[in-house]
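Dear colleague,

Please find the structure below, handed over for your own work. A summary of the findings follows it.

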Amino acid sequence: MVTLKEPKRLKARKEHKCDFCDKIINIGEEYVYATYKEDYIYDWRNCDRCKPYVDEAFSNKDYDWSDGMGWQDFHDYMWEEHREIATEWWKRN
Ligand SMILES: [Zn+2]
């Protein structure tokens with residue numbers, strides 16, 4: 001994975017969805033935006049709600065993130081380590 005654009009904070013000019021936790025990022029809300037290249041180029045958006053948990057996951061030595069952490073990886077991590085929060089965020093209604 002190659003970083004094309006380093007993560008930086010932006011203020012949303014239109015509505016987005018967080019690529020880690022699915023939260024809607026509303027217009028005017030700050031989030032972290034980066035561009036990466038793997039087999040293809042993609043944008044990645046990370047909201048402030050889950051950023052502390054993303055940082056925690058990356059620093060958790062029980063997990064190997066050498067291949068990066070994607071959406072599914074993060075969901076698995078949260079269900080494993082923070083079930084209450086995962087339930088709150090992704091509960092099925
Ligand atoms: Zn998020």
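**Pocket, core and aromatic pairs**

Strands β4 and β5 and helix α1 each supply at least two residues of the lining of the largest pocket. Please note that the model is predicted. The space in this pocket comes to about 420 Å³. It is lined by 21 residues, of which Phe 20, Tyr 36, Trp 44, Phe 58 and Met 69 are the closest to its centre. By class, the lining holds 13 nonpolar, four polar and four charged residues.

The largest nonpolar core consists of 25 residues, and those with the most contacts inside it are Phe 20, Cys 21, Cys 50, Phe 74, Met 78 and Trp 89. At least two residues of this core come from each of β4, β5, α1, α2 and α3. Apart from neighbours within four places in sequence, Cys 50 is in contact with Cys 18, Phe 20, Cys 21, Phe 74 and Trp 89.

Aromatic pairs number 13. Tyr 63 and Tyr 77 form an edge-to-face pair, at 4.9 Å centre to centre and with 70 degrees between the planes. Tyr 63 lies in the loop between α1 and α2 and Tyr 77 in helix α2, so the pair ties together parts that are 14 residues apart in sequence. Tyr 63 is partly exposed, at 24% relative accessible area, whereas Tyr 77 is buried, at 1%. Tyr 77 also forms an edge-to-face pair with Trp 65, at 6.2 Å and 65 degrees. Trp 65 counts as buried because its relative accessibility is 13%, and buried means under 20%.

Finally, one aromatic cluster includes Phe 20, Tyr 36, Trp 44, Phe 74 and Trp 89 among its members.

With kind regards

Terms used
Residues are numbered from 1 along each chain as its sequence is written. This is a predicted model: local features need pLDDT of at least 70, side-chain atom pairs count only at pLDDT 80 or more; totals for chains, interfaces and linings use all residues. Side-chain values use heavy atoms; hydrogens and water are left out. A nonpolar core is a set of buried Ala, Val, Leu, Ile, Met, Phe, Trp, Tyr and Cys residues joined through side-chain atoms within 4.5 Å. Buried means under 20% relative accessible area, exposed over 50%, partly exposed in between (1.4 Å probe, protein chains only). Helices (H or I, at least four residues) and strands (E, at least two) are DSSP runs, numbered from the N terminus. Contact means heavy atoms within 4.5 Å. On a 1 Å grid over the protein atoms alone, a cavity is a set of points where a 1.4 Å probe fits but cannot get out, and a pocket is an open set with protein on both sides within 12 Å along at least five of seven lines; lining residues have an atom within 4 Å of a point. Grid points are joined across faces, edges and corners, and a volume is the space filled by probe spheres set on the points. Ala, Val, Leu, Ile, Met, Phe, Trp, Tyr, Cys and Pro count as nonpolar, Asp, Glu, Lys and Arg as charged, and the others, Gly among them, as polar. Rings of Phe, Tyr and Trp (its six-membered ring) pair if their centres lie within 6.5 Å; planes under 30 degrees apart count as stacked, over 60 as edge-to-face and the rest as tilted.
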